[in-house]
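I opened my notebook to walk through one chain, entry by entry. Come along and look things up with me.

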Amino acid sequence: MLRRAGPSLRHFLLERNSSAGHSSCSREAKMSRPVQARRLEGIDKNIWVEFVKLAATYSKVNLGQGFPDFPAPDFLREALMRALSGGNHMLHQYTRAFGHPPLVKVLAQFFEKLLGRDLDPMTNVMVTVGAYQALFCCFQALVDEGDEVIIIEPFFDCYEPMVKMAGGTPVFVPLRPNPPKDGKLMSSADWQLDPAELASKFSERTKAIVLNSPNNPLGKVFSRGELGLIAELCVKHDVLCISDEVYEWLVYDGKQHIRIASLQGMWERTVIIGSAGKTFSATGWKVGWVVGPDRLLQHLRTVHQNSVYHCATIAQEAVAQGFQRELMLYGKPESYFVQLPKELQQKRDWLVQSLDGVGMKPIIPEGTYFLVADISPFKSDVPDDPNSDEPYDSRFAKWMVKNKEEATLKSASDILQKWKQEKTSS
């Protein structure tokens with residue numbers, strides 16, 4: 001038995017407490033040096049934090065955020081229940097840091113079929129905490145101070161702040177509308193890149209381009225010709241492509257989602273990002289992945305292992321079982337990847353008709369579950385404010401939330417019908 005040396009812990013704490021009063025002022029003194037890292041300057045605001053709070057306060061319907069209002073498929077929920085209640089207690093513990101082995105293996109099998117190339121599940125696939133973390137890993141691992149990253153507008157809001165946090169400089173290039181001349185509603189396909197304008201954005205400082213197809217928020221599905229133009233410029237200027245393809249299965253009207261990594265010269269310079277949240281309508285599970293060459297993914301693994309390190313094992317197990325089912329049913333009518341876009345296309349068509357009926361001009365999306373509409377006919381409802389720096393569409397959306405989505409309304413249909421009646425009566 002070791003003999004205790006020196007004063008006891010209790011004696012030490014008593015002495016410390018008795019002298020605490022003499023140093024309280026110094027402990028309460030505020031720090032004079034800045035505490036915020038410079039890389040956070042100007043990126044503290046987040047549109048989703050603001051609008052989710054507004055929707056929770058004022059309305060019963062949230063049409064803004066990208067998540068479904070219907071449950072995940074039965075087979076996926078059953079897989080989760082089996083993982084939770086089964087006899088494999090190791091599913092409650094850590095799994096492989098870069099992806100649960102069953103999940104990376106079936107993802108490799110699936111993407112081998114989609115890309116037409118052999119994949120190593122241990123080096124060509126990495127699982128992340130949703131596609132959001134996948135994007136973060138890409139920018140942190142591949143973008144350096146002074147690098148330029150081309151972002152196609154309109155874009156998912158996190159691209160810009162994530163590029164800036166990595167020390168990079170966002171360079172924007174817009175999709176430009178080409179309205180149909182026959183008076184029909186515009187489609188997301190009518191928004192196109194100007195080839196000369198896109199080419200002008202590439203320089204010796206360009207490190208990467210962010211491609212989002214199908215596009216959030218426009219719903220554009222890039223054609224083979226458009227992807228070929230981007231690929232040609234990437235190869236010419238030796239530029240990486242961060243390809244956000246989380247809506248790859250949500251494509252309508254017989255359109256085809258083409259993966260840019262399948263084009264000549266693009267596999268070795270592309271990181272593909274996917275999401276079980278969008279794929280299986282389970283956004284709260286936060287399971288995403290990246291697929292790409294090991295020469296790129298090895299750097300993403302370094303960021304992952306030194307930040308998040310690990311994703312929930314049970315969720316990965318359930319998603320793996322979901323993909324195993326879909327691999328067996330690939331291309332068949334009973335596949336969830338075939339059924340889901342059919343259901344969502346019906347909802348899209350209904351929403352287009354409803355918005356058109358109240359006087360808005362919706363842009364018909366070819367994919368995703370987002371829809372953009374021209375609100376200019378309603379300028380009289382929400383007059384412009386010359387003293388405000390806030391964009392008009394943002395102020396209009398807030399006005400809609402506060403004034404049109406009353407808590408008594410139970411659905412988007414109620415909202416639109418009531419608004420149409422108000423416009424007619426006025």
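**Aromatic rings.** I needed a definition to begin: rings of Phe, Tyr and Trp (its six-membered ring) pair if their centres lie within 6.5 Å. With that in hand, I looked for a cluster in this predicted model. I found that Phe75, Phe110, Trp249, Phe280, Trp289, Phe323, Tyr330, Tyr336 and Phe337 form one aromatic cluster.

How many aromatic pairs does a search of the whole structure find? My search came to 22. I picked out phenylalanine 155 and phenylalanine 172, whose ring centres are 5.5 Å apart and whose planes meet at 15 degrees, so I noted the pair as stacked. Phenylalanine 155 sits in the loop between β2 (148-153) and α7 (159-165), while phenylalanine 172 belongs to strand β3 (residues 169-174), so this pair ties together parts that are 17 residues apart in sequence. I also checked the surface of phenylalanine 172: with a relative accessible area of 27%, this residue is partly exposed.

Next I looked up phenylalanine 156 and tyrosine 159, an edge-to-face pair with 5.9 Å from centre to centre and 85 degrees between the planes. Are these two buried or exposed? Both phenylalanine 156 and tyrosine 159 are buried.

**The whole chain.** I stepped back for an overview. The chain has 15 helices and eleven strands. Of its 426 residues, 46% are buried. Then I turned to contacts with a separation of 6 or more: residues 24 or more positions apart account for 69% of them.

**Helix against helix.** I started with helix α4 (residues 74-85) and helix α12 (residues 313-328), which pack at about 135 degrees with axes 8 Å apart. That angle makes α4 oblique to α12, and the crossing is right-handed. On the α4 side I listed the contact residues, among them Phe75, Leu76 and Arg82, and on the α12 side, among them, Ile314, Glu317 and Arg325. I sorted the residues of this contact into nine nonpolar, two polar and four charged.

**Backbone details.** Where did I find cis peptide bonds? One runs from glutamate 153 to proline 154, with omega near -5 degrees, and proline 154 is in the loop between β2 and α7. Another joins serine 213 and proline 214, with omega about -5 degrees; proline 214 is in the loop between β6 (206-212) and α9 (224-237).

I then noted positive phi angles. Aspartate 253 is not a glycine, yet its phi is about 60 degrees; its loop lies between β7 (240-244) and β8 (270-275). Tyrosine 309, also not a glycine, has a phi of about 70 degrees and is in the loop between α11 and α12.

I finished at glycine 359, in the loop between α13 (336-357) and β10 (361-363). Its relative accessibility is 32%, so glycine 359 counts as partly exposed. Leaving aside neighbours within four places in sequence, I found glycine 359 in contact with Pro377 and Phe378.

How values were computed. Residues numbered from 1 in each chain as written. Predicted model: local features only at pLDDT ≥ 70, side-chain atom pairs only at ≥ 80, totals over all residues. Heavy atoms only, no water. Axes fitted to C-alpha atoms, helices over the stretch in contact; angles between N-to-C directions. Helix = DSSP H or I, 4+ residues; strand = E, 2+ residues; numbered from the N terminus. Parallel < 35°, antiparallel > 145°, perpendicular 65-115°, else oblique. Left-handed = near helix turned anticlockwise from the far one by under 90°. Contact = heavy atoms within 4.5 Å. Nonpolar A, V, L, I, M, F, W, Y, C, P; charged D, E, K, R; others polar. Phe/Tyr/Trp six-rings, centres within 6.5 Å; stacked < 30°, edge-to-face > 60°. Buried < 20%, exposed > 50% of the residue type's maximum accessible area, 1.4 Å probe, protein only.
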